[in-house]
Amino acid sequence: MSSELLDALTALEEQKGISRDVIIEAIEAALVTAYKRNFNQAQNVRVDLNLDTGSMVVYSRKDVVEEVEDDRLEIALEDAKYINAAYEIGDIVEEEVTPRNFGRIAAQTAKQVVTQRVREAERGLIYEEYVDREDDIVTGVIERQDARNIYVSIGKVEAALPVNEQIQGEVYKPTSRIRVYITKVERTTRGPQVIVSRTHPGLLRRLFEMEVPEIYDGTVEIKSIAREAGDRSKISVYAHNEEVDPVGSCVGAKGARVQTIVNELNGEKIDIVEWSEDPVVFVANALSPSKVLDVQVNEEEKSTTVVVPDYQLSLAIGKRGQNARLAAKLTGWKIDIKSETDARELGIYPSETSTFVPREDDEDVQFDLYGDDEE
């Protein structure tokens, strides 16, 4: 058995990165347990594993005491001195108690320990591989489904796509390829568990990084994302170089780049707007495709009042308030939308303090694949 065990330990050390000393220590501890269980022994013992000779020796360990209360754990000083005159109170006396048929049990135990350590090592390596991929996008194959999760094979593990991370109305067919976003990797007793998402805003961010070279190399920066997965998203972008059009870079020639992402998300609408540090400009951009006449800012309450043409009110608000809601999430500002008529009646438009200048090309600020989106 020595040669086989030695080969196994060498393979573990080279292939799995597990220290031989760690394995030997684990085997010796398991052999102690096996000895006590199979030979109905309660004494303290240790097992010495010698790889060179292939021998496994069991030693009982007894404390040297003045008066013995349990002869399985203790030995009288007088008896200890009979073995070796140098023993004193508090020393430990070891005596070989290896059973005659212990070799068979030892071999089986060693095999079990090695197998267990291999399994633990593989789980550890898989965990280390995937924990570094949190907040990243991966392509997987849909394997199966139960009442709570869709299970996606992403290589060495089967990731779970929970119900609350699934896009409502999206159909997940077995063997279909799908891109998912890794949100969490954690250790469990059954190995590493990977949780993935189709609804996380990070998925949209990673898709743009993959499709838009200017975002990948940092020329264009994604500043914020507001997403209602499966329906509509807004993304704000900014170019550090004034000569670069951040929105145009994301849209691509004839809309090819953003269309690829829309297709990946099964038709989810995506509004791309230009970010600005000026909340007046940013809020106006975020409400695209609606044209904006005026934006009035309340810094203390971090709120804005936006005036739009009467015929654009429904477009600015969006279906079930979605356009205004996403714009508020994207900018971080509260947005109160008024029609031009209502604003004039309230005496807030035109405003003498307003510095906002409506852009003639407001309707072209974002790339609209979808047409008007009114209530």
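**Entry 1: pocket lining**

I sorted the lining of the largest pocket by class and got six nonpolar, five polar and four charged residues. The model is predicted, so I treat every value here as computed from that prediction. I then looked up the volume of this pocket, which is about 380 Å³. The lining counts 15 residues, and those closest to the pocket centre are Tyr151, Glu158, Arg190, Pro192 and Gln193.

Which strands supply the lining? I found that β6 (149-153), β7 (158-162) and β9 (191-197) each give at least two residues. The largest share comes from β9, with four residues.

My reminder on the approach: a probe the size of a water molecule, rolled over the atoms, shows where empty space remains.

**Entry 2**

Next I turned to helix packing. A packed pair is described by the angle between the axes and the distance between them.

I took helix α5 (residues 201-211) with helix α8 (residues 256-264). Their angle is about 140 degrees, and the axes lie 10 Å apart. The pair is therefore oblique. I noted the crossing of α5 and α8 as right-handed.

Which residues meet here? From α5 I listed Leu204, Leu207, Phe208 and Glu211. They meet Arg257, Val258, Thr260, Ile261 and Glu264 of α8. By class, I have five nonpolar, one polar and three charged residues in this contact.

**Entry 3: α9 against α11**

I looked up a second pair, helix α9 (residues 279-286) and helix α11 (residues 322-331). The angle is about 145 degrees, with 9 Å between the axes. The crossing of α9 and α11 is right-handed.

On the α9 side I noted Phe282, Val283 and Ala286. On the α11 side I noted Ala327, Leu330 and Thr331. The classes in the contact of α9 with α11 are five nonpolar, one polar and no charged residues.

**Entry 4: backbone checks**

Last, I went through the backbone angles. Most peptide bonds are trans, and most residues other than glycine have a negative phi. I looked for departures from that.

Where is the cis bond at Ser288? I found that it joins Ser288 and Pro289, with omega about 15 degrees. Pro289 sits in the loop between α9 and β13 (294-298).

I also logged a cis peptide bond from Tyr349 to Pro350, with omega near -5 degrees. Pro350 belongs to the segment after α12 (340-345).

What is phi at Thr175? I read a value near 75 degrees, which is positive in a residue other than glycine. Thr175 is in the loop between β7 and β8 (177-188).

Conventions
Residues numbered from 1 in each chain as written. Predicted model: local features only at pLDDT ≥ 70, side-chain atom pairs only at ≥ 80, totals over all residues. Heavy atoms only, no water. 1 Å grid on protein atoms, 1.4 Å probe; cavity = no way out; pocket = protein on both sides within 12 Å on 5 of 7 lines; lining within 4 Å. Points joined across faces, edges and corners; volume = space filled by probe spheres on them. Nonpolar A, V, L, I, M, F, W, Y, C, P; charged D, E, K, R; others polar. Axes fitted to C-alpha atoms, helices over the stretch in contact; angles between N-to-C directions. Parallel < 35°, antiparallel > 145°, perpendicular 65-115°, else oblique. Left-handed = near helix turned anticlockwise from the far one by under 90°. Contact = heavy atoms within 4.5 Å.
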